[in-house]
Each structure stands twice: as structure tokens, then as C-alpha cells.
Amino acid sequence: MDPTVAINERVDVVAVYRRGSETDVRCIPHRMRWRGQDIELTELALRHPTVQGKRMIHVFHVSDGSNNYRLEFDAEGLTWNLVAMMSGGLA
Amino acid sequence: MNYSLNPEAPKVMHIDLNSAFASAEQQAWPALRGRPMGVTNRLSKECCVIAASYEAKALGIKVGVRRTEAMALCPDFVMLETDPSKYTWMYQNLLRIMKDYSPNFTMKSIDEGVIDFHGVRLKRSLQDIGYEIKRRMKTEVGSSMRINVGIGPNRFLAKMAAGWHKPDGLDTLDSTNLIDFYKGIELEDITGIAEAFSARLRAVGIMTPLDFLAAETDFLRKRVFKSINGLYWHERLRGFEFDDQPTHLGMVGRQWVLKKASADDAWLRSCLHYLAETVGMKLRYRGVEARGVCVWMSFNSGGGWSDKRMLRASIYTNQDIWLQVSKLFDRRPKHMVIRTMGLYLYQLEPSTRSQLSMFDDVIKADYLTKAMDEINDFYGNFTIFAADTLIGSKNVKQKIPFGGTEYFNLLLKRA
């Protein structure tokens, strides 16, 4: 029914910062280390901001070509969290 | 037959995001693209689809279909809970793009808006602009985002044109093709004409949109609509503008469907108090005060109850609103198990709170309310709240509003 799996774990992320126009996404997560495994992120599907109280959170929906991930960057604590994932096969 | 259609070149553009919430989820989760999926407010056994992807719609899974029915139609059907922050971001992007083309634009709901090009110097056709907006939604928001664009001489025909070829269509309706368009549709296909209205039209011999168009103003006013609406429809169908007037604010309220029906007084009071505080926010956001209060509820066993009261003095602060609401709530039949409850404030009048009151305690209450609103504005949702609403705040969730966008900026601030 709902194929998303809640993770909520702190992860290491390598991000690329690009010079871009006002509407371009200028921060792109490139690689993530989760549970000792390096995952190459090949697609940034969607980025949108949200707030938790006064904390600005940037939500990045990314994919490694097979699985999809929801990463959240806390702009105050400067931390990356892997919030949820979805298997490409939806299993 | 001469229908006296508006001969003006179409200058109104209606933009409609196709399957907005489902498309947003398909954009965010590539694994969902091309699959039948939908979103719901709260996942439960009997939850309803509030937005379905085009793949789901092709299988007959439409808005309002229950989860069990959807699963019967398609065992692989995927259902996600709504993610308001994602949709508000889509809304903001659509708004940003629309602003680039005309200063005169209005969002009609979270996923549709109107751009009025009257008075705008155009260097290219509206069709060109429409295609550009479609392209920009795909490049600036996401490749899964498809929009329908309708162009017409008034808001009504622009909306009808936007619904002509779904998904991803762009159509123009004007005096040159309007008759052919009406020939190809049914009464129920007309925006604003649902089953009850079409039955009323058929009862007086109006069987098709062309019959509707041919009907005289007096006939529509006196026989069909029995009000000024007859004139509005007569003109609207011909492409003359009658829908650009701001609507009158008659009431401010909120309702809530309980996750589990209950008769627990303390729990219900906390939830209702929370609802009353959100209604207070809306009231002050619109800069009005209320003289009337109504509390209503429906029971699990069927039927319902409501009570209302007109006050001598208008109310404005959360404390005053809750005082009146709780008095009404205490009059309910207490043994009944409640399924849905809500409240609304009516008899609204412009707020005079900027004027100094003669009474010290009134000034203090106003200042306190203003200070609380400012703190909540800055620090987010319910940073300061009545302790009594603690249980309510954990149970009543803010959902995505489908109607007007009057409170959207308030929700964006407090989301």
C-alpha cells in the first residue's frame, strides 16, 4: 500500500554546490554514506523547503537509479538525515 | 441563430495543475512514475483517494474512491499520505511563474490559477505564453508536472477550455468555436452545473448546452434560477465576465472529522478548543470581528446537533471565542458519540481594534492577543497556546485546503 520505509538516521552526504539562476537548485546531494555503504545519487527528483518551528529544513528527493530516498538538510544544525526510502521495485 | 457571443479576443488564461498532489509525489519518488497511485489525508482502512495519478484514473480510480475499492480495482495501487509542504512549494512555484506574465492574477485554489491579460501589452500570442508556462513548469518544477491551459474571453470559458483536453492540453475558446464546443458536451460538463442543477434545467426543457445558450435572460431569471444568477449564467455562457468580483466573507470556521468517534468530554473539549484557536487566527488574519457563534456536530449513530448565538458585542480574541464556543458546547446532548464537529463565526464586521477602547481590560486582552499572534508568526505553529489545547494539537492535523486560497499565506507561515 504505502511503499515508503521510515529510516530517520543521520547520514554523511557529499553535496555539489553550483552557481545557478534564481530558480535552479544550487545544492545537489551527490553521494551518501549510510550504514557503511556508499550510495551514488544519480537523480535529484525534487527539492522543497519546509519549516519546523523556526528551523529551515531543505527536503531533497533523490535516487540512485534504483531506490529513492528522502534526505533532509537541517539548515540550522547543518545535518543530513535520511528520513525515508522507497525501493524501485516498490517491494 | 444569433447568440450574441462576446466577440472580444480571448484575454483570460486558466491554468490547472493536472492531478496536482499525485503528480507532485510522482515527481518526488521516481519509482511511482507511470504507476497507478494516489494520495490520502490519513492512511486508514477506509480512507479515500483525494488525488489520483492519471494511470490510476485510467483504471477507474478517481477522487473519492475508498482504499478497499481502489485495491480491488488494482492490487498494486500505491497510496501515500499527503505532504503539505511539498504542495505548498508547488503552489508557490506556480504563483511565481504566473506573476511573470501579468500583474493581474488570482489563485483559485492550491492547484489552479487565472491570469488576466486585459490591459497588458502583448508581444506574442497567449498560446505562445501558455506553451511557455507549460515548459517552465517542467523545467523549473519537475518533468512530471503537467498543466492544462485554457484561454477564453472570460474566466468561465477559460476554465472550460482548460478542461477540454486533459491531461497536458492547451485550448482556446472564443466566439469562433464556442458553438461547436457546446455541441460536443453535455449539461453536466459545464463548470458549475452538477446533477441537481442539470435536473432543474431539464425540467424546464433545457436539455443541452446549446438550449441553455439559447434561453432568454428573463426565462433563466424567473423560471430557472429565480434570482440574478439567471442573468449571470446568460452572460457567462456567451463569454462576458461575471466572475471577477471578490466574494463576500460571510463566515469563518473549521470542522474536523474525528479519527475515532468519541463522547469523552475532556478530550473533545481540548480538540474543540484547538479548533477555536485556529478559527481565531483566521478571523484576525482577515481583519474582522464576529457577532455570531455556532457550534455543530454529527453523531456516530446518525443525526446531529447545532446551536448558535448572536452576541451584543463582537468577539476577536481567542479567549472570547473559546468562552462563547465552550458555553454552546456544554449544551450538547452529552451522551452522544461524536463523529464530526466544527464551529463557525458569522455576522462579521471590519475590526475596529486599532481604535483605543475605553476599557483597560479590553486593551490588555487585545495587546496580549496581538503579541501571541506575532510570536506564533515568527516561531511557527502554536509556539504559544492555551494549555487546554495540548491534547487537541496532537490530534487535529492541518490538512490541505481544497477551496479558496484566502488562508493560504496564513498556512504557509504556520505550516
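Contact here means heavy atoms within 4.5 Å. This is a predicted model, in which local features need pLDDT of at least 70, side-chain atom pairs count only at pLDDT 80 or more, and totals for chains, interfaces and linings use all residues. Residues are numbered from 1 along each chain as its sequence is written, and side-chain values use heavy atoms, with hydrogens and water left out.

**View 1. Here helix 4 of chain B meets helix 5 of chain B.** Helices are DSSP runs (H or I, at least four residues), numbered from the N terminus. Look for B:Trp89, B:Met90, B:Asn93, B:Leu94, B:Arg96 and B:Ile97 in helix 4 of chain B, which meet B:Ile133, B:Arg136, B:Met137, B:Glu140 and B:Val141 in helix 5 of chain B. By class, this contact has seven nonpolar, one polar and three charged residues (Ala, Val, Leu, Ile, Met, Phe, Trp, Tyr, Cys and Pro count as nonpolar, Asp, Glu, Lys and Arg as charged, and the others, Gly among them, as polar).

**View 2. This is the largest cavity.** A cavity is a set of points, on a 1 Å grid over the protein atoms alone, where a 1.4 Å probe fits but cannot get out; lining residues have an atom within 4 Å of a point. Its volume, the space filled by probe spheres set on the points, is about 90 Å³. Of its twelve lining residues, B:Arg284, B:Asn318, B:Met372, B:Asp373 and B:Asn376 lie nearest the centre. Helix 14 of chain B gives the largest share of the lining, four residues.

**View 3. This is the second largest cavity, of about 50 Å³.** Among its lining residues are B:Leu17, B:Phe21, B:Tyr87 and B:Met90. The lining divides into nine nonpolar, no polar and one charged residue.

Methods
Chains are lettered from A and ligands numbered from 1 in the order in which they are written. Helices (H or I, at least four residues) and strands (E, at least two) are DSSP runs, numbered from the N terminus. On a 1 Å grid over the protein atoms alone, a cavity is a set of points where a 1.4 Å probe fits but cannot get out, and a pocket is an open set with protein on both sides within 12 Å along at least five of seven lines; lining residues have an atom within 4 Å of a point.
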